[in-house]
Amino acid sequence: MSLDSTTGSAQFDELGLKRVVNGRSWVTILGGSRMPAEVQQAMADASNTFIDFHELNKRAGEMIAQYTGAEAGLVVAGASAGLLIQAAACMAGSDPDRILKLPDTTGMKDELLIFENHRFGFEICYRTAVATLKEWGKGEETLVEQLIASIDEKTAAVSYVFGPWMSCGLSLREVVEIAHEKNVLVIVAAAAMLPSADNLTHYIAEGADLVTFSGGKGLRGPQSTGILAGRADLVEAARLNMSPHASVGRGSKVAKEEIAAVLAALKRFVSIDHEAEWATWRT
Ligand SMILES: *Cc1c(COP(=O)(O)O)cnc(C)c1O
């Protein structure tokens with residue numbers, strides 16, 4: 001594999017694809033990000049090696065835990081799969097019958113609260129699991145009162161979404177306090193929030209139960225990867241609700257090559273000079 005962007009791809013050439021100048025960002029429709037040399041290498045090396053996949057998942061999770069400050073971690077198939085698996089983990093937990101039952105949520109808490117200004121296109125990933133979204137934040141009362149009033153016996157979790165265009169009158173920490181007081185989980189969607197590198201640990205430190213990031217944006221891992229971090233029992237539930245287990249997340253498979261590569265990307269991400277990285281993006 002070559003890091004040299006001037007040589008292009010023989011395979012893409014054979015397909016007759018015209019190269020485009022990416023002046024937008026790490027967007028999926030232009031092919032995502034650029035994997036640094038060590039990430040490409042990790043991917044190539046892994047592809048020639050067989051391992052016990054469950055063991056790989058667990059060890060990779062331990063490394064993610066180390067970098068995020070969370071109890072546990074998991075490589076997922078993009079932040080989108082992260083959202084799907086978060087919802088599944090909050091509803092079915094690690095219960096084998098419930099895991100097999102999804103997307104039928106009968107008998108489970110299956111509502112996710114979402115703030116009105118946090119509604120986003122990717123929320124369909126929660127619904128894939130099949131969580132019901134209940135919007136909050138549109139009344140006369142204070143946001144604190146509205147959130148408290150919105151939580152009921154069907155509430156599985158409160159979603160908190162971070163994006164450049166989003167805001168909420170309540171901080172994540174405030175939402176966590178209210179939700180946890182009522183024994184309700186808080187799941188964070190932070191797909192495009194790396195960099196800043198501080199965000200890797202920030203949401204966990206604020207008390208989020210599960211957080212998901214894209215692996216193929218600023219992290220510069222494979223486009224098809226994401227990371228999930230959080231409470232150990234919930235990450236274990238997430239693992240069971242995902243490939244290679246027969247579950248609602250079976251279609252969201254990550255390959256060993258992708259796991260190796262996103263870990264290499266993560267290792268690089270926490271060690272680099274981010275100012276210098278921005279300079280290369282600007283170029
Ligand atoms: C990119 C993005 C996603 C999807 O992430 P993938 O890793 O591509 O699955 C979800 N939510 C937001 C806000 C995003 O920017």
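Visitor: Where is asparagine 183 found?
Guide: The model is predicted; local features need pLDDT of at least 70, side-chain atom pairs count only at pLDDT 80 or more, and totals for chains, interfaces and linings use all residues. Residues are numbered from 1 along each chain as its sequence is written, and side-chain values use heavy atoms, with hydrogens and water left out. Helices (H or I, at least four residues) and strands (E, at least two) are DSSP runs numbered from the N terminus. On that numbering, asparagine 183 is in the loop between helix 8 (172-181) and strand 5.

Visitor: Is asparagine 183 buried or exposed?
Guide: Buried means under 20% relative accessible area, exposed over 50%, and partly exposed in between (1.4 Å probe, protein chains only). Asparagine 183 has a relative accessible area of 70%, so the residue counts as exposed.

Visitor: Is arginine 220 buried or exposed?
Guide: Arginine 220 is in the loop between strand 6 (210-214) and strand 7 (226-230). Its phi is near 65°, a positive value in a residue other than glycine. Because its relative accessible area is 8%, arginine 220 is buried.

Visitor: Which residues are around the ligand?
Guide: A residue is near a molecule if one of its heavy atoms lies within 4 Å of it. The residues around the ligand are Gly78, Ala79, Ser80, Phe120, Phe122, Trp165, Ala191, Ala192, Ser214 and Lys217.

Visitor: How far is a polar side-chain atom of lysine 217 from an oxygen atom of the ligand?
Guide: A polar contact is a pair of N or O atoms within 3.5 Å; within protein, one must be able to donate a hydrogen and the other to accept it, and residues adjacent in sequence count only if both atoms are side-chain atoms. For lysine 217 the distance is 2.7 Å.

Visitor: What backbone oxygen does the side chain of serine 247 reach?
Guide: Serine 247 lies in the loop between helix 10 (232-240) and helix 11 (256-269). The residue counts as buried because its relative accessibility is 14%. At 2.9 Å, its side chain reaches the backbone oxygen of asparagine 241.

Visitor: What is omega for the cis peptide bond from leucine 194 to proline 195?
Guide: Proline 195 is in the loop between strand 5 (185-189) and helix 9 (199-205). The bond from leucine 194 to proline 195 is cis, with omega near -10°.
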